[in-house]
Amino acid sequence: MTNIRVLVVEDEPLLAEAHSAYTERVPGFVVVGVAHTARAAMAALRANGGGDVDLVLLDFRLPDLHGLDVCRALRAAGSSVDVLAVTSARDLAVVRTAVSLGVTHYLLKPFTFAAFRDKLERYADYRAQALADGEVAAQHEVDQMFATLRGTAGHSLPKGLDAQTLNRVRAALTDGTRAEVGLSATEVSALTGISRVTARRYLEYLVTVDRAARTPRYGTPGRPEVEYRPR
């Protein structure tokens, strides 16, 4: 999968360096820019229409403009870039406004790397679901996306299964015409890059939680192959 491109916006150079280093330690993320002011951040996001940035790590207490005003300017300009607030602002009014402006996460300073990594990983899981092709099949899929951001998704998965791989398997299973014809564990393995045995474990889990149906596939020599379709 393509790396998630991150712009770090932090007025303290040492903190900006630390946040960049933290980001680069999380697999699947890459820092594409650092800005120390709101003006520099907006200039970076305007470049190429903002298409070079997927996620902004945004400090709210910037020297030239409050981070909330940066969010307002982004939304007014039609930008859909995601924002993760990294701030010491604890005012509930600020938190409420951040939510209304579509801030995906709100991380209070100071924080540990574990807390930072958790936010990025949850965002990556959410993004994998949100960028999948097609439509949601039912309410539970929308609930799953919101639960991922809230941090309530994935904890009930059996040991050895992870949410990100599960999302990849579900995306393969629900993609276009493949959802109509069904897929075998071997075919899901080829589409996702995981082993056939691992693909079968995830497919069987989807069957147990009523997200997929299992049926025999006839018409091939020998023992019928099992195929899976999304519910």
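## Exercises on cores, rings and a helix

F60 touches L65, H66, G67, L68, A85, V86, T87, V94, A98 and Y106, leaving out residues up to four places away in sequence; contact here means heavy atoms within 4.5 Å. This is a predicted model, where local features need pLDDT of at least 70, side-chain atom pairs count only at pLDDT 80 or more, and totals for chains, interfaces and linings use all residues. Residues are numbered from 1 along each chain as its sequence is written, and side-chain values use heavy atoms, with hydrogens and water left out.

**Exercise 1.** Find which residues have the most contacts inside the largest nonpolar core.

*Solution.* Start with the rule: a nonpolar core is a set of buried Ala, Val, Leu, Ile, Met, Phe, Trp, Tyr and Cys residues joined through side-chain atoms within 4.5 Å. Buried means under 20% relative accessible area, with a 1.4 Å probe and protein chains only. The largest such core has 25 residues, and V9, V56, L58 and F60 have the most contacts inside it. Next, see who supplies it: β1 (4-9), α2 (38-46), β3 (55-58), α3 (67-76), β4 (82-87) and α4 (92-100) each give at least two residues. Those labels are DSSP runs numbered from the N terminus, helices being H or I of at least four residues and strands E of at least two.

**Exercise 2.** Work out on which side of α3 its buried residues sit.

*Solution.* First list them: G67, L68, V70, C71 and L74. They cover an arc of only 155° around the axis, so they end up on the same side of α3; the arc is taken from the directions from the helix axis to the C-beta atoms. Then check the partners: these buried residues pack against α2, β3, β4 and α4. After α3 comes G78, with a positive phi near 85°.

**Exercise 3.** Classify the ring pair F111 and F116.

*Solution.* Phe, Tyr and Trp rings (for Trp, the six-membered one) pair if their centres lie within 6.5 Å; planes under 30 degrees apart are stacked, over 60 edge-to-face, the rest tilted. That rule gives six aromatic pairs. For F111 and F116, the centres are 5.8 Å apart with 15° between the planes, hence stacked. Both F111 and F116 are buried. Zooming out, ring pairs link Y22, F111, F113 and F116 into a cluster.

**Exercise 4.** Say where confidence is lowest in the chain.

*Solution.* pLDDT is the predictor's confidence in each residue, from 0 to 100. The chain mean is 86. Helix α8 (residues 178-181) is lowest, at a mean of 62, while β3 is highest at 97.

Terms used:
Buried < 20%, exposed > 50% of the residue type's maximum accessible area, 1.4 Å probe, protein only.
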